[in-house]
Amino acid sequence: MAALTIATGTGNWFSALALGVTLLKCLLIPTYHSTDFEVHRNWLAITHSLPISQWYYEATSEWTLDYPPFFAWFEYILSHVAKYFDQEMLNVHNLNYSSSRTLLFQRFSVIFMDVLFVYAVRECCKCIDGKKVGKELTEKPKFILSVLLLWNFGLLIVDHIHFQYNGFLFGLMLLSIARLFQKRHMEGAFLFAVLLHFKHIYLYVAPAYGVYLLRSYCFTANKPDGSIRWKSFSFVRVISLGLVVFLVSALSLGPFLALNQLPQVFSRLFPFKRGLCHAYWAPNFWALYNALDKVLSVIGPRGFLRCLTLCALSSFMFGWHVHEKAILLAILPMSLLSVGKAGDASIFLILTTTGHYSLFPLLFTAPELPIKILLMLLFTIYSISSLKTLFRRSFTLVAQAGVQWHDLS
């Protein structure tokens, strides 16, 4: 609290929050890590020691490379830093290799890449309506949103205990959302296209992006009642969006197209040969298709966020063998909505509590039991108390305004 008081006085409260959660992440370095730790170590070895033509064919380990090319290049870049920590981690045949230096490198690489997530959260906070401003710093919507995102329980345990790189990927998604809110549509489209070539699970929310960009960017004018003015459709803007997607895709997939390896790459990204119950992409696609009627109702940025959350929840609820962490794809966008309206805050509290609890099986070792319980309790208690305080004030003002209007009439 002392640090927060100092930060409040200097206006650097956001930096204090970011620094605080970074220190917590450092404390979690020695904790349990899942097989995903070995997955990413193996990908470091594949991209570092093998030519690009073998990246999507290498199968010495059961943990074959099955992320899109941008993530493979990301591992390649990391590997050139990793060699200064422990060269042995970059040997493809060193299966299940784990040394203290390997552990430190991989843990710190996740923490370092979260810089993008921190920046994205700051950009999202700039888009929040500041009408509901309390006297205290801790009652301000921007402060509450910063805590809900930076200290998100799910991201903490999935990335910094279980081990993955979701932070910077969600950072790309949040930054693209912020750019759309700021009406920088081309930047938002570019960032989301890049994100898809880092991790294709974000295809789940692609319909929300497509419809929103079509509605808010390609149609340049509305009628007085808010409906679309069909004659305002801009083919130039559609072509420009298509060009962005094409160029990003060409940069990602072009080398493998030149090597005649696109079928092999897609067989890794969409493993249909493993059977429907193992490759859950097909039913998730149909879940998105069934949700399109809701997505088509997008009008403004908040509607876009609701549709994005709907797409994420549809794929989560109706997919096969969906990973527990996929719920974060709905929780994080819902965080942005939660500080805007009381109804959204209520939905967020239900979603985040049940969703975060569903992540508990990821950490099944005894030493991590008190950690996950304590962190979730702290996050849940803060979420309930802060949002309750935020909207209790707004409800009081609304009630007073209603009484005054009644007296005047």
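**Briefing: a predicted helical chain**

Leu-377 lies in helix H17, which covers residues 369-408. The protein chain has 17 helices and zero strands. Of its 409 residues, 51% count as buried.

**The chain as a whole**

- The protein chain exposes about 19600 Å², and carbon and sulfur atoms supply 69% of that area.
- Among contacts between residues at least 6 apart in sequence, 73% join residues at least 24 apart.

**Annotated transmembrane regions**

- An unreviewed UniProt entry carries the annotation "transmembrane region" for several stretches, including residues 12-33, 104-121, 188-214 and 371-391.

- Leu-377 forms a nonpolar patch on the surface together with Leu-369, Ile-373 and Ile-381.
- The accessible area of these four residues together is about 360 Å².
- Leu-377 has a relative accessible area of 48%, so it counts as partly exposed, a class that lies between 20% and 50%.

**Salt bridges**

- Side chains of opposite charge can pair when their charged atoms come close.
- The structure holds eight salt bridges.
- One of them joins the side chains of Lys-126 and Glu-123, at 2.9 Å from N to O.
- Lys-126 is exposed, at 54% relative accessibility, whereas Glu-123 is buried, at 6%.
- Glu-123 also meets Arg-179 in a salt bridge, at 2.8 Å from N to O.
- Because Glu-123 lies in helix H5 (residues 100-125) and Arg-179 in helix H8 (residues 166-181), this pair ties together parts that are 56 residues apart in sequence.
- Arg-179 is buried too, with a relative accessible area of 6%.
- Arg-184 and Glu-187 form a salt bridge in which the closest N and O atoms are 3.0 Å apart.
- Both residues of this pair are partly exposed: Arg-184 has 35% relative accessibility, and Glu-187 has 36%.
- Through salt bridges that share partners, Glu-123, Lys-126, Arg-179, Arg-184 and Glu-187 belong to one network.

- Leu-50 sits in the loop between helix H3 (36-49) and helix H4 (69-82).
- Apart from its neighbours within four places in sequence, Leu-50 is in contact with Ala-45, Trp-55, Glu-58 and Val-92.
- Leu-50 and Val-92 are 42 residues apart along the chain, and their C-alpha atoms are separated by 8.8 Å.

Note on methods:
Residues numbered from 1 in each chain as written. Predicted model: local features only at pLDDT ≥ 70, side-chain atom pairs only at ≥ 80, totals over all residues. Heavy atoms only, no water. UniProt positions renumbered as here; feature names shortened; annotations may be inferred. Patch = residues over 30% accessible without salt bridge, like charges linked within 9 Å, V, L, I, M, F, W, Y side chains within 5 Å. Areas by Shrake-Rupley, 256 points an atom, 1.4 Å probe, with all protein chains shown as cover. Helix = DSSP H or I, 4+ residues; strand = E, 2+ residues; numbered from the N terminus. Buried < 20%, exposed > 50% of the residue type's maximum accessible area, 1.4 Å probe, protein only. Contact = heavy atoms within 4.5 Å.
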